[in-house]
Amino acid sequence: MTEVRVRFAPSPTGMFHVGGARTALFNWAMAEQSGGRFVLRIEDTDATRNRPEWTEGILSALDWIGINSSHPVFEGPYFQSAYEPQHREAVVKLLAEGRAYYCDCTREALVARTGSEHKGYDGFCRERGLTAGAVRFRTPDEGVTVVDDVVRGKVEFPNEAQEDFVIARTDGSPLYVLANAVDDITQNITHVVRGEEHLGNAAKQMLLWPALGATPPVWGHLPVIVNEQRKKLSKRRDKVALESYRDEGYLAEAMVNYLMLLGWGPGDDREIMPWSEMVPLFRLEDVNSASAFFDEKKLRAFNGEYIRALPLETFEERCAPYLDPSWDRERFSRLAPLAQTRITVLSEIRQNVGFLFLDEPVFDQASWDKAMKNAPEEILSGYLERLDTVNWDPESLKQALEEVGAAHGLKLGKAQAPVRVAVTGRTVGLPLFESIEVLGRERAQDRLRAALTRLRG
């Protein structure tokens, strides 16, 4: 049986698109379940994008989602620029066999001949016998080119509608469509699984592979990923950089789980499932051809589920990069179990526990205005007095505030609003009375006094 060799061939762009991450994971799953190879090839022939830090960004992003050289199925990274001699040899071969020809036509000359700016190349230079210029591949005049796609079925491209496409520039440098085919052939790629925007290239490569003496690979073009307006995700409009999700505090395992479900499902009602369980179930044949909606709210919910499933010690370790190094870790650990049940991304930890470590809370004006409506001075002063003698545990702290609120005709929900803002600076956060307990009697009273001073102006 032929070894499955799938390839992932990103171009350095300064950011790693979540759609590229989905493509990489589908290829990785195929390689892992078959015991084949995942071939990473960096498309670095565009000099404007050939920056080492961008390549490092690709490797770092892939590593974050579990794709790296520590796994036996990983191969590479290779660099397309290293294969330029083979690209040029392929052009020479196609020219020598009459499958390609030189062309010196300008766009203006084509428009003048055809009378239209929308018509494709008309084959004008096919028989001119030029010895210099750009190089075009000679496409068949009749019949159809069929891309037998595992995801989309048989897709037919009438040859009469395919122009003789350029495979090399006037300086001899190859274009993407040729370089990609040559590299895939050189690296014995058996499966090409990529985004559906490359389907048109597949029709051209279906002609190039046999012309270069090779059998075309198995094709699979994945559905486009869209936003909530059902428009294709765009870096100009949408949050698409994998790195931004990583930096915000999404867990890699949650991101992997979610991306795998964009166009594919395990066939049951489960959605939250680890990579180890998804890999044996993944089949390219089961990928849906319909567009896949990238729902950030759902991703966030996934992430919350994964955060809550972490062992507490691991949760604290994952939170560490989002905490100030000067903050007391023992004090943080006392509230960590409560925070773990409430945050959905790790970066939220700072705003949830930051009040513990500040000399005074940072007041959000909107929160202050909202909370200080129902007898705030009476509630704060009454509770301040009760804190002198109350037992310092959450239940006693709660009971004391209930009694203060009742004395002014307020239920606990209304009574605790000004206290919460006075103590934490925010209207929402961790359980109030557990927070006050960890803050300590003296610091809690100081904050209530400061809030009263602010109220009294």
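## Helix 18

Buried means under 20% relative accessible area, exposed over 50% and partly exposed in between (1.4 Å probe, protein chains only). Helices (H or I, at least four residues) are DSSP runs numbered from the N terminus. In this predicted model, local features need pLDDT of at least 70 and side-chain atom pairs count only at pLDDT 80 or more, while totals for chains, interfaces and linings use all residues. Residues are numbered from 1 along each chain as its sequence is written, and side-chain values use heavy atoms, with hydrogens and water left out.

Helix 18 spans residues 432-439; six of its eight residues are buried, so the helix is largely enclosed by the rest of the structure. The buried ones are Leu-432, Phe-433, Ser-435, Ile-436, Val-438 and Leu-439. They pack against helices that include helix 12 (329-340) and helix 19 (441-456), where contact means heavy atoms within 4.5 Å. Gly-440, which follows helix 18, has a positive phi near 100°.

## Aromatic pairs

The whole structure holds 14 aromatic pairs. Rings of Phe, Tyr and Trp (its six-membered ring) pair if their centres lie within 6.5 Å; planes under 30 degrees apart count as stacked, over 60 as edge-to-face and the rest as tilted.

Phe-8 and Phe-16 make an edge-to-face pair, 6.1 Å centre to centre with 75° between the planes. Phe-8 is buried at 6% relative accessible area, and Phe-16 is buried at 4%. Tyr-245 and Tyr-250 have ring centres 5.3 Å apart and planes at 75°, so this pair is edge-to-face. Both tyrosines, Tyr-245 and Tyr-250, are buried.

Technical notes. Helices (H or I, at least four residues) and strands (E, at least two) are DSSP runs, numbered from the N terminus.
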